[in-house]
Amino acid sequence: MSGTPARTAETATAAEVVCLGESMVTFLPSQPGRLADVPSFGRGIGGAESNVACALAAAGHRTAWVSRVGADGFGDHLVEAITGYGVDTSAVRRDPDRPTGIYFRTATDRATEVHEVAYYRAGSAASAMSPDNVPYEALPAARVLHLSGITAALSADCLALLHDLTAPRSGRPLISFDVNHRPGLWRDADAAPGVLLDLARRCDLVFVGEDEAEEAWQVHGAEAIRAALPEPAVLVVKRGGAGATVFSRTDGADTVTTVPALRVDVVAPVGAGDAFAAGFLSATLRALSVRDRVRHGHLMAAAVLTVPGDLTGPPARAHADALAALDDDAWGRLRLGPGWTGHDQEVRTT
């Protein structure tokens with residue numbers, strides 16, 4: 001199957017997936033409203049790559065997170081929390097001179113105009129990641145190395161690191177890349193689209209939202225995005241409520257697979273993109289069909305959408321497999337609400 005990473009004797013005991021990138025302590029609002037009006041916040045963790053690592057570990061995969069955090073209490077919390085999900089954090093380095101990043105956000109959907117995020121990450125420990133200080137010995141044995149465009153925005157050193165990690169070389173793991181275009185993070189917003197396009201074209205498996213591709217590259221629709229990104233063996237175009245379209249290349253020719261999204265009773269519209277990537281990667285590691293990879297992505301996203309935070313336990317593998325195996329009509333009639341991943345499953349058809 002195109003895009004399936006090979007398993008070798010060396011990878012049998014190593015992490016299956018290594019995720020590299022910044023994680024921050026997240027302060028979640030106690031109630032809806034403007035940041036100026038929210039009276040208190042609860043503490044969580046947030047980071048695209050660590051979210052993927054945690055979700056994959058919760059789904060039964062061996063994962064590792066590579067990053068830098070400050071030698072401070074927030075760094076302690078991040079490492080302890082991510083380790084608590086079963087992720088190997090032994091390659092995380094502590095920086096005595098730079099702080100751990102933090103951010104505050106409102107409860108609204110990131111895509112809406114009223115959503116607010118206040119980042120305190122400039123000069124963070126993770127922004128100092130570079131080819132000179134990342135423990136490369138943690139990377140080669142993995143079957144998948146997962147990266148995102150957020151890291152490229154943090155600093156020139158971080159961008160140099162991503163260029164090095166995505167360079168063609170013999171024996172490199174399958175490189176998974178989530179474009180994650182965040183214009184507000186870039187000091188040079190005009191440079192961001194070209195940088196992200198160049199990085200994506202160097203990778204094997206790419207996730208990109210139809211909306212962010214339009215914003216960054218002024219391309220419209222899945223076919224146009226594929227034309228802009230012909231190199232990746234697998235390109236996943238996320239289309240919001242319309243589902244996802246996957247271009248998977250075998251013997252020089254693309255197979256195009258479109259899978260409708262699920263209907264979900266949303267509790268909090270955050271974390272779904274990272275969860276989708278985790279579900280797709282989990283099914284890729286298991287060499288499932290492209291259709292089922294997308295369906296597992298949708299199911300993992302639905303698990304996060306039906307809880308308040310960015311992370312949650314996924315459905316049991318047998319349960320997810322049974323739902324992913326439904327015929328098209330039954331899949332289209334599914335509706336998932338809070339609690340559907342547990343024993344008191346709220347799985348409805350209409």
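Two strands are said to pair if DSSP finds at least two bridges between them, and the helices (H or I, at least four residues) and strands (E, at least two) named here are DSSP runs, numbered from the N terminus. The model is a predicted one, in which local features need pLDDT of at least 70 and side-chain atom pairs count only at pLDDT 80 or more, while totals for chains, interfaces and linings use all residues. Residues are numbered from 1 along each chain as its sequence is written, and side-chain values use heavy atoms, with hydrogens and water left out.

The loop between α6 (210–217) and α7 (222–228) holds Val219. With a relative accessible area of 16%, Val219 is buried (under 20% relative accessible area, with exposed meaning over 50% and partly exposed in between, for a 1.4 Å probe and protein chains only). Leaving aside neighbours within four places in sequence, Val219 is in contact (heavy atoms within 4.5 Å) with Ala213, Glu214, Ala224 and Ile225.

A further open sheet is formed by 4 strands in the order β3-β2-β7-β8, again with mixed pairing. Its edge strands are β3 (41–46) and β8 (117–120), each pairing on one side only. Strand β7 (residues 102–105) pairs with β8 in the antiparallel sense over 4 bridges, and Ala118 in β8 is the bridge partner of Phe104. Helix α2 (residues 73–84) lies across β2 (24–29), β3 and β7, at about 65° to β3.

Helices α9 (residues 290–305) and α10 (residues 317–324) pack at an angle of about 120°, with their axes 9 Å apart. The two helices are therefore oblique to each other (angles under 35 degrees count as roughly parallel, over 145 as roughly antiparallel, 65 to 115 as roughly perpendicular and the rest as oblique). In their contact, Arg291, Asp292, Arg295, His296 and Leu299 of α9 meet Ala320, Asp321, Leu323 and Ala324 of α10.

Note on methods. Axes are lines fitted to C-alpha atoms, for helices over the stretch in contact, and angles run from 0 to 180 degrees between N-to-C directions.
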